[in-house]
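Please walk through this structure with me, one region after another. Keep the sequence and the coordinates open side by side.

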Amino acid sequence: MTLLDVQQLTVTFELRGGALTVVDDLNLSIGAGETVGLVGESGSGKSVTALAILRLLQPPARVRGGRIVFEGRDLMTLSEPEMRSVRGGRISLIFQEPMAALNPTMRVGDQIAEGLTAHGVDRGEARRRVIELLDAVRIADATARARDYPHQLSGGMRQRVMIAIALACHPRLVIADEPTTALDVTIQAQVLEMLRELKDRFNLALLLITHDFGVIAEMADRVAVMRAGKLVEQGPVRQILREPSHDYTRRLLNAVPGMSRR
Amino acid sequence: MPLLEVRRLVKHFAKGGGFLAPAPVIVRAVDDVSFVIEQGDMFGLVGESGSGKSTTGRCILRLVEPDSGDVLFRDVSVLRFSRQRMRDARREMQIVFQDPYSSLNPRMRARDIVEEPLIVHRLGSPTQRQERVRELFELVGLDPTHLGRYPSEFSGGQRQRIGIARALALNPAFIVADEPVSALDVSIQAQVIDLLMELRARLGLTYLFIAHDLRLVEQICNRVAVMYLGKIVEMGETGSIFSNPAHPYTRALLSAVPRLDPDAPRSRVDFDASLFQREVPMREVGSSHWAAV
């Protein structure tokens, strides 16, 4: 069943010199429980696509056309209050830089609870859920860690907190924008393994934005390759990795070190 | 005679401390590190953040002064050099930095950035220097008509080429490349790596290649040392390290690298940091392969 269906999405940056198309007639769908990898290099439009889905784009960026159908509703037509209940509630977002995304002046427990109370959970229940969530993302001694500030945690732990925030309201879709790019490789492996487990446990769909084909190979069911705002190719992960049909995908894959030998 | 020999290098930092603060914590950034780089080597120094790999590279060039140990370049200790001698020695030993955005002065034109080392070392007349800058620009694959541009007018890959041109200006024999491509997109990475390899062949360069990307190191380095918390835990021929890692940390590190095959069995090994013993000496575990086990 299709959970998210992005149809002919076009996003432009309205600049003084004219409009610059950064996402160009993009079609992308994600089924319930599916992991779709969105790959591309810097400037390809993958993060803008993520923000457009959540209607978080700021000027000069503007959605010029297309539909974003999620659970049967076109998100583009929702009122702002309706959209707020979708954000964090049905669709949540994990950013690349947990240190930049977390509030440095707030205890991490309160930051997780904030999402819950904003979606109507009462405070006592929220406190209980915070500990449950910190356990779910395998943070040891959750009660004590909930009282920590972000700077007291390691990079891997911060990213776990981000994931706990994203999962707080039982979303159906998590958009993860380069979730492990800032992490060391051993920590990345732990976080990816955890994401895989949580995805199965909560039956989440995952839109995984990355530039790393290794992460794609480990995580994705399907892959979409973006370049300069356009989707150049999409398909099942094995097909894209083994028999890419588009020249750009081939070049991107060939540029991955060690691709030929492993 | 090896080109470079690092002997029992130590650099500790005090973290925290100060008036009314708890006693500082000593961070053993580089803790008794020894290795040898032969002429023509592409020597990979790998590790995760905080392993001490960059500090090691900086100590070699004395951009950071080590606490103890020795660095021998062509059998001569560079740590005992006066400032003047060290400046001369740096003609032969150069560095390429990770971030081509912060390592180039945004207010200098590309031509002046590349020319600066020649001026500092009082080499050539202005005309000769201009000629040399042009030559370097071509050597690293930049368009000499862009000599008058500022760093912001170049892409990330092009900026890294400017950084490489600057490092090559004095005709060095040895280059510390500190994560030279990790800030770049993967297709640009491949181009800059190709350039570094081509320069190695053309100019007979020797590299200390500091990196966290194991796939890249496996592809380009002939020898590798793995650092963990200031210690080298394993060192040897690249093929041997990657096919037969002996240290539990190396095994964990290699098993964490994402495979490009979705059907590859996942056999991740965890390394329990609390079991790490700092004082285990290196021993030979295979031909040209040492590990602290």
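The model is predicted.

Start with the strands of chain A. Strand E1 of chain A covers residues 2–15, and strand E4 of chain A covers residues 61–70. They run antiparallel and are joined by eight bridges. One position to look up is A:Thr12, which stands opposite A:Arg62 in E4(A). E4(A) also pairs with strand E5 of chain A, residues 73–74. That pairing is antiparallel too, over two bridges. Here A:Val69 has A:Asp74 in E5(A) as its bridge partner. The hairpin of E4(A) and E5(A) has two residues between the strands. Within this hairpin, A:Glu71 takes a positive phi near 50°.

Now turn to the core. The largest nonpolar core has 158 residues. A:Ala164, A:Leu173, A:Leu207 and B:Phe209 have the most contacts inside it. Helix H7 of chain A, residues 155–167, gives the most to this core, with eight residues.

H7(A) has 13 residues and reaches 19 Å from its first C-alpha to its last. That is close to the 18 Å expected at 1.5 Å a residue. The helix is mostly covered, with eleven of its 13 residues buried. Among the buried ones are A:Arg158, A:Gln159 and A:Arg160, as well as A:Val161 and A:Ile163. The buried residues of H7(A) pack against E6, H3, H4, H5, E7 and H8 of chain A. A:Ala164, also buried in H7(A), touches A:Ile112, A:Leu133, A:Leu134, A:Ala136 and A:Val137, not counting residues up to four places away in sequence.

Next, a loop. A:Gln96 lies between strand E6 (91–94) and helix H3 (98–101) of chain A. Why does A:Gln96 count as partly exposed? It has 19 other C-beta atoms within 10 Å, and a residue is buried only if the count is 20 or more. Not counting residues up to four places away in sequence, A:Gln96 touches A:Asp177, A:Glu178, A:Pro179, A:Thr181 and A:Ala182. A:Gln8 is 88 residues from A:Gln96 in sequence and 26 Å from it in space, C-alpha to C-alpha.

Finally, look at where the chains meet. The contact takes 26 residues from chain A and 24 residues from chain B. On the side of chain A that touches chain B, helices H8 (185–202), H9 (213–219), H10 (237–242) and H11 (247–255) of chain A each supply at least two residues. This side of chain A divides into twelve nonpolar, six polar and eight charged residues.

Note on methods: Residues are numbered from 1 along each chain as its sequence is written. Chains are lettered from A and ligands numbered from 1 in the order in which they are written. This is a predicted model: local features need pLDDT of at least 70, side-chain atom pairs count only at pLDDT 80 or more; totals for chains, interfaces and linings use all residues. Two strands pair if DSSP finds at least two bridges between them. Helices (H or I, at least four residues) and strands (E, at least two) are DSSP runs, numbered from the N terminus. Two residues are in contact if their C-beta atoms, placed from the backbone, lie within 7 Å. Ala, Val, Leu, Ile, Met, Phe, Trp, Tyr, Cys and Pro count as nonpolar, Asp, Glu, Lys and Arg as charged, and the others, Gly among them, as polar. A nonpolar core is a set of buried Ala, Val, Leu, Ile, Met, Phe, Trp, Tyr and Cys residues joined through C-beta atoms within 7 Å. A residue is buried if 20 or more other C-beta atoms lie within 10 Å of its own, exposed if 12 or fewer, and partly exposed in between; C-beta atoms are placed from the backbone. The expected span of a helix is 1.5 Å times one less than its number of residues.
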